[in-house]
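Student: Please show me the model, and then let us go through some of its local features.

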Amino acid sequence: MMILRPIQESDYPALLNIAHESGHGFTSLPVNEELLQKKIARSVASFGKQADKPFDEGYLFVLEDTETGEVVGTSGIEAAVGLDDAFYHYHLSKVIHSSRTLDVYKAVDILTLCNDYTGATELCTLFLKDGYRKGANGKLLSRSRFMFINQHRDRFAETVIAEMRGVSNEQGESPFWQWLEEHFFSMDFPTADYLTGIDQKVFIAELMPKYPIYVNLLSKEAQAVIGEVHDNTRPAIELLKSEGFTFNGYVDIFDAGPTVEAKVGNIRTVRNSETRTVKIGESNGGFPVMVANGKLVDYRAAVIELALTDSNEVTLAPHVAAALKVEEGDQVSLVKI
């Protein structure tokens, strides 16, 4: 059985292994032992914190195979970005160059550095190990965060965003960054990406071009990847689009990967979720349903097969109830997969 739960300090070796496997471009999990331990400690503190509005909390979850005890994936939520350190994006828009005298009218794409998502809640750190990219595991890692946000609305902003990994090759080379490096920086993409991951972002403000960049002045290779995702990220962005997330022209400043956004109330999992009372008994199966308890420190979520009736109850097998840390009479949220 696959269970999603908050990360614990004992999960550090597994998180380090995931950081190694995730490769270049996965900014939120740099291969840095001290930083990863700090991320875990921050998450543990965030889950245990009393909060009635989003601030600097960071919630990190892991997906555990209960049969083996192996941690096979991770996902996270940043309660509010940009309140401590500046949160940068490029916004893709257009300017018009026209002349009635010369009968010229031309629309030109530009990239403008901005901080428009300051204060938004961010979905982050989603990674699933290769052998487990099957069944409902990816959906559980991603969509269970919406259940958690919905259950604890006061802790999160109304706007939820997700930065999607942009295009880079196996050596960590990004066509978009290569153009920036040539004209403004003297460091390669993996180095810049790593520095951002360990929260050393001051170089962005110091070296990034302050004025809009005309897209047609970029290399053809750089132009081609603006708003495009890494092949490994394609399933993740398709899942978010199916949830109601949209791309509104914001891209990452390093690899130009797209950032998608949605209002909490418009997210499909939130709209379709319902609350039911737990009944312990034998379940005859049915169809896949994601079930999450309403807890904080002991948050648990899983995808199980259930036969739902029109009542306000849901019958869970004893071992499933134990894994979800619920007892008869408790409330759970559920949504059909």
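**Burial, helices and backbone**

Tutor: Ala256 has 0% relative accessibility, so Ala256 counts as buried (under 20% relative accessible area; exposed is over 50%, partly exposed in between, with a 1.4 Å probe and protein chains only). This is a predicted model, in which local features need pLDDT of at least 70 and side-chain atom pairs count only at pLDDT 80 or more, while totals for chains, interfaces and linings use all residues. Residues are numbered from 1 along each chain as its sequence is written, and side-chain values use heavy atoms, with hydrogens and water left out.

Student: What is phi of Ala256, and where is Ala256 found?

Tutor: Most residues other than glycine have a negative phi. Phi of Ala256 is positive, near 65°. Ala256 is found in the loop between strand 9 (246-251) and strand 10 (258-263); helices (H or I, at least four residues) and strands (E, at least two) are DSSP runs, numbered from the N terminus.

Student: Is Lys325 buried, partly exposed or exposed?

Tutor: Lys325 is found in the loop between helix 10 (318-323) and strand 15 (331-336). Phi of Lys325 is also a positive value, near 60°. With a relative accessible area of 36%, Lys325 is partly exposed.

Student: At which residue does helix 3 bend?

Tutor: Helix 3 (residues 137-151) has 15 residues, and 11 of the 15 are buried, so helix 3 is largely enclosed by the rest of the structure. The buried residues include Arg143 and Met147. The bend is the angle between axes fitted to the seven residues ending at a residue and the seven starting there. In helix 3 the bend is about 30°, at Arg143.

Student: Which residues does Val335 touch, leaving out those up to four places away in sequence?

Tutor: Val335 is found in strand 15 and, at 3% relative accessibility, counts as buried. Contact means heavy atoms within 4.5 Å. On that basis Val335 touches Arg143, Met147, Thr269, Asn272, Ser273, Val289 and Met290.

Student: Is helix 1 parallel, perpendicular or oblique to helix 2?

Tutor: Helix 1 (residues 12-22) and helix 2 (residues 33-47) pack at about 125°, with their axes 10 Å apart; axes are lines fitted to C-alpha atoms over the stretch in contact, and angles run from 0 to 180 degrees between N-to-C directions. Angles under 35 degrees count as roughly parallel, over 145 as roughly antiparallel, 65 to 115 as roughly perpendicular and the rest as oblique. Tyr12, Leu15, Leu16 and Ala19 in helix 1 meet Glu33, Leu36, Gln37 and Ile40 in helix 2. The angle makes helix 1, relative to helix 2, oblique.

Technical notes. Expected span 1.5 Å × (residues − 1).
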